[in-house]
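Here are some notes from a read through this one, point by point. Have the chains up on screen while you go through them.

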Amino acid sequence: MTPAAGATGLADRVAWPNRHLLDVDDLSASQLEVVLEQAGAMAAARGAGTVPAALKGRGVTILFHEASTRTRVSFEIAARSLGADVVNVAVASSSVTKGESFADTLRTLEALGAHVLVLRHPRSGAAELAARHFGGHVINAGDGWHAHPTQALLDLATLRSVLPGERLRGAKVAIVGDVLHSRVARSNIWTLTAMGVDLWLTGPAGLLRGFEAWARALPSDRRLTITTELDLALRDASAVMALRVQRERLQGAGAPSEAAYAARYGLTEARLEACRPDVVVLHPGPLNEGVEIDPAVAAGPRSLVATQVATGVAVRMAVLSILCGCHGQA
Amino acid sequence: MARPELAVGDRVERLELEDVWLVDPGNRREGPAGLLVEHGRVVDVDWARRGSRKAPSVVVAPGFFDLHAHLREPGGEDAETIASGLAAAAHGGFTSVCLMPNTSPPIDRPEGIARTLSAAAASGSPVRALPYGTISVGREGHALAPMAALAAAGAGGFSDDGAPVDDPELLRAALTEAGALGLAIVEHPEDRLQTAGAEANEGLAATILGLAGAPPAAEVAAVGRAIAVLRQVVAEAPAAVRPRLHLTHVSVADALALVRGAKAEGLPLTCDVTPHHLALHDGWVGGDRRFAWDVGSSPWSGGPTTAPPYDPSTRVTPPLRSPADALAMLAGLEDGSVDAIATDHAPHRSIDKDVPFGEALPGISGLETALSLLLLAIDAGHLSLATAVRALVVGPRRVLGRGLPERRASSFEAGVVADLVAFDRGEGWSVTADALRSKGRNTPLLGRELPGRVLLTVADGRVAYLDPGLD
């Protein structure tokens, strides 16, 4: 148990389910509260300059098979500030060919002293595979379209900062954009519905394919609504999250161009009028300004994009310290 | 029923099977009986009089016939050889196996057929290997393979399995040419325009797991098109041409509905389903380990699971479908629209499976677990033993037409060559790497205890498999 986690006491009362963080699909509200509390403690410790060297002597290897700046740097800062020995490995995704080499790479990194592996991979399920070969802790930093657990956790922490305590429960949150290809959306579905958020997904019909069935399959205490009508999703929303859209994925999805997409689903000041007056806007980045989000919104007072980035470091510190402090069941 | 004098490979000189449940699909009869085999032949069948007590748990049936197996030789011997594949077949109760020609190089010339047959003979296994030739040269879908020469060398039919015949004109030519030879075209129905990049069945599991979906419509479209081409070939064929189209590993309810319609119309169409498409479903990709009939109205919907998600052994083509599709395949067996059960035994090396899900080679090692999956369906009340045996014995023979080299009995009568499997319904076995004779351990059933221990397989009058416990 790390000093910070021990101080809250919550981590002692709620079992952490796994030695890895591969997905957020099985995290309960109380487990999510553990992360939020720990992230809060980490943010405070950073501000006070009293961050515990919880990972001193531990090796954290950051292995990215996909281009990324913000997530990689965020993990690096988080691990270093906890005193970890950080190794950064960037792999061009084109060199990812045979599993033999992937498994070998993991075993080699472990032999070189990696206790924690932070993995980004273009294939859904890659983190699950890594956990079978890596003896330490695996943190999924994004696998294919599947999951981006720390992004969802930092989104949750960001929302909690403007909707404290019980105000998050029942609040309406809308996610707008390319849900189909989004690991951010999938992970947010699990965390936000677990926290009692009234979650809405909206975007072109072709990019919402299959999610209606998912909404129907969820237990009745989780609230998830799918609509192609942006105005319906935004009405009285407390928060809106725009997803990054990629031009090639808009083809055949009912929005043949970026301009057409922006006209229908781009977040503008005018559109946000449908929301609550105190609505906040999130975006996982990087932003396509003028496509999914208007520059005025991105830079405006409602934008929490900078808060997300800052919160990300504290959340990743929290995750690293929880995993390393609790070895749990394999 | 220990018979210490039996040894694998030897002719069965004397075998007395007493108090067994005999299933005789050729005569559409089953019941308690005794069977006497001498010098490789059945010499006496003694059906017990009615009103006897509890049904015996040892079942004896004619040896099973697999229309679809990948034995990987030549070119993929690290994954399977003809010898290891035939040993796996015998362990699964199969006494005849059709070998898919997608080897490296593919079997698109008569020399390849001859080589396959001699490798099978050299293996010493009495299990019959029946090679298919390719439909097209190099399985490239452009030019027809030399079908007459392949047939003369011993090809039992033609297939480009794994590579559907995309060009309707080529399919038309193939049905005509094979039809003139009295042989079947075994087609893998998949519209590749719809499945490019697909990783799993399009459905709830793929949505939640973030896997690219293969839409069921890709199979429905390919089946519909193949039927349209067949109808045209039948209409224009000279009297001497008897086209036969066999659709392998049908997995989608709507595709089976098209097959049912075409059969009602009288078209020369047959189809098979695999045991994994009958019993498993796409929830298995997410870690659900319930069988299709146990899912009911609560499909897998994420969250904590009974097995880790993305097990690459659940990646297969066609993908595991919805539980409703699996139940439709079971119903199709009972109503006769499905002719045969075929394993699509697809062994792979572990390094070709131990990769991210979407990069894993598709396929399940299936020869040795087929019977057990069918018994699970039978025990759950979704299939009858008689139907299962019919689809493993009689159906496959009907599919191949003139491709069947000699008649092996699908019934038990005095004088026929002994070709049978004896298994204990009431006894389980553990699917472990050591228990499997196949080199391919790529099955999501690995580590499970399954019902139906095969005790003895006799092929062509010789012992093909003997349970080690009986030695």
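This is a predicted model: local features need pLDDT of at least 70, side-chain atom pairs count only at pLDDT 80 or more; totals for chains, interfaces and linings use all residues.

1. Chain A has an average pLDDT of 90, with 90% of its residues scoring at least 70. Residues 1-8 of chain A are below 50, though that stretch has 23 contacts in the model beyond near neighbours in sequence. Residues 326-330 of chain A also fall below 50, with eight contacts counted in that way. I'd read those contacts with the scores in view.

2. On to the sheet in chain A. Four strands make an open sheet, ordered E2-E1-E3-E4, and the pairing is parallel. Strand E2 (85-90) and strand E4 (137-143) of chain A are at the edges with a single partner strand each, so one side of each has no neighbour in the sheet. On average, neighbouring strands here are turned by 15° against each other, direction ignored.

3. A:Val116 sits opposite A:His137 of E4(A). Helix H4 (residues 70-81) of chain A packs on the sheet and touches strand E1 (59-64), E2, E3 and E4 of chain A. The direction of H4(A) makes about 180° with that of E1(A).

4. Now a helix pair. Helix H7 (residues 149-162) and helix H14 (residues 305-325), both of chain A, pack at about 120° with their axes 8 Å apart. Because of that angle, H7(A) is oblique to H14(A). What is the handedness of the crossing of H7(A) and H14(A)? The crossing is right-handed. On the H7(A) side the contact includes A:Leu153, A:Leu154 and A:Ala157, and on the H14(A) side it includes A:Gly312, A:Val315 and A:Val319. By class, this contact of H7(A) with H14(A) has five nonpolar, seven polar and two charged residues.

5. Where do the chains meet? Chain A gives 25 residues to the contact and chain B gives 21. On the chain A side that touches chain B, the elements with two or more residues are helix H5 (99-111), helix H6 (126-133), helix H8 (183-194) and helix H9 (211-217). That side of chain A is made up of ten nonpolar, seven polar and eight charged residues.

6. Strand E1 (residues 14-24) and strand E2 (residues 29-38) of chain B run antiparallel, joined by nine bridges, and B:Leu17 has B:Leu35 of E2(B) as its bridge partner. The two strands form a hairpin with four residues between them, and B:Arg28 in the turn has a positive phi of about 50°. E2(B) then pairs with strand E3 (residues 41-47) of chain B, antiparallel over six bridges, with B:Ala33 opposite B:Trp47. Two residues lie between the strands of this E2(B) and E3(B) hairpin, where B:His39 has a positive phi near 50°.

7. Further along chain B, strand E14 (residues 420-430) and strand E15 (residues 449-459) pair in the antiparallel sense over eight bridges. B:Val421 stands opposite B:Thr457 of E15(B). E15(B) is also joined by four bridges to strand E16 (residues 462-466) of chain B, again running antiparallel, and B:Val458 faces B:Val463 as its opposite number in E16(B). The E15(B) and E16(B) hairpin has two residues between its strands, and B:Asp460 takes a positive phi near 55° there.

Definitions and conventions: Residues are numbered from 1 along each chain as its sequence is written. Chains are lettered from A and ligands numbered from 1 in the order in which they are written. Axes are lines fitted to C-alpha atoms, for helices over the stretch in contact, and angles run from 0 to 180 degrees between N-to-C directions. Angles under 35 degrees count as roughly parallel, over 145 as roughly antiparallel, 65 to 115 as roughly perpendicular and the rest as oblique. A crossing is left-handed if the near helix is turned anticlockwise from the far one by less than a right angle, and right-handed if clockwise. Two residues are in contact if their C-beta atoms, placed from the backbone, lie within 7 Å. Ala, Val, Leu, Ile, Met, Phe, Trp, Tyr, Cys and Pro count as nonpolar, Asp, Glu, Lys and Arg as charged, and the others, Gly among them, as polar. pLDDT is the predictor's confidence in each residue, from 0 to 100. Two strands pair if DSSP finds at least two bridges between them.
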